[in-house]
Amino acid sequence: MRRRKAFSFPIAIIIIALFVLIVIWVSSAMSKTSVIEQKRALESAILRDVVHCYAIEGAYPESLDYIKDNYGLTYNEELFFVDYTPIASNIMPDITIIEKAQE
């Protein structure tokens, strides 16, 4: 009987460790999915604001700051870098969104 208890303790530790690892893995996967969805939402919001500006003002915005100031664009600047490169007032700007590395 005593030998059986000694054997079950390491198995219980292994099962708990596996459970903890599974929880960490699932949490990490959900976090990554959340960041992907945030990036998609940011892309959609920027494009919507750029097109809205063009429709109202007849020209594309000259900078990302213009969109922030006049169209209310907000996003997590610690999480994403947005490269906004205007080409001409009547040509859609080049917009690139890059996820910053997380520590």
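**Reading a predicted model, feature by feature**

Mentor: Let's start with Glu77, which counts as partly exposed because its relative accessibility is 42%. The cut-offs go like this: buried is under 20% relative accessible area, exposed is over 50%, and partly exposed is in between, using a 1.4 Å probe and protein chains only. Keep in mind that this is a predicted model: local features need pLDDT of at least 70, side-chain atom pairs count only at pLDDT 80 or more, and totals for chains, interfaces and linings use all residues. Residues are numbered from 1 along each chain as its sequence is written, and side-chain values use heavy atoms, with hydrogens and water left out.

Trainee: Okay, what does the side chain of Glu77 meet in a salt bridge?

Mentor: A salt bridge is a side-chain nitrogen of Lys or Arg within 4 Å of a carboxyl oxygen of Asp or Glu. Here, Glu77 pairs with Lys68 at 2.9 Å, N to O. Lys68 also bridges to Asp65, at 3.8 Å, so shared partners join Asp65, Lys68 and Glu77 into one network. Asp65 is partly exposed too, at 47%.

Trainee: Where do Lys68 and Asp65 lie?

Mentor: Both are in helix α2, three residues apart, about one turn of the helix. Helices (H or I, at least four residues) and strands (E, at least two) are DSSP runs, numbered from the N terminus.

Trainee: How many salt bridges does the structure hold?

Mentor: Four. One of them links Glu37 and Arg40, at 2.9 Å from N to O. Those two both sit in α1, again three residues apart.

Trainee: Back to α2. Which of its residues are buried?

Mentor: Leu64, Ile67 and Tyr71. Looking down the axis of α2, you'd find them within an arc of 70°, so they line one face of the helix. That arc is taken from the directions from the helix axis to the C-beta atoms.

Trainee: What does Leu42 touch?

Mentor: Contact means heavy atoms within 4.5 Å. Skipping residues up to four places away in sequence, Leu42 touches Leu73, Tyr75, Phe80, Val82 and Ile97.

Trainee: What about Asp49: buried or exposed?

Mentor: Buried, at 6% relative accessibility. Asp49 is in helix α1, and beyond its neighbours within four places in sequence, it contacts Ile67, Tyr71 and Leu73.

Trainee: Last one: how many aromatic pairs are there?

Mentor: Rings of Phe, Tyr and Trp (its six-membered ring) pair if their centres lie within 6.5 Å; planes under 30 degrees apart are stacked, over 60 edge-to-face, and the rest tilted. That gives two pairs. Tyr54 and Tyr60 are stacked, because their ring centres are 4.3 Å apart and their planes are at 15°. Tyr66 and Tyr71 form a tilted pair, 6.4 Å centre to centre with 55° between the planes.
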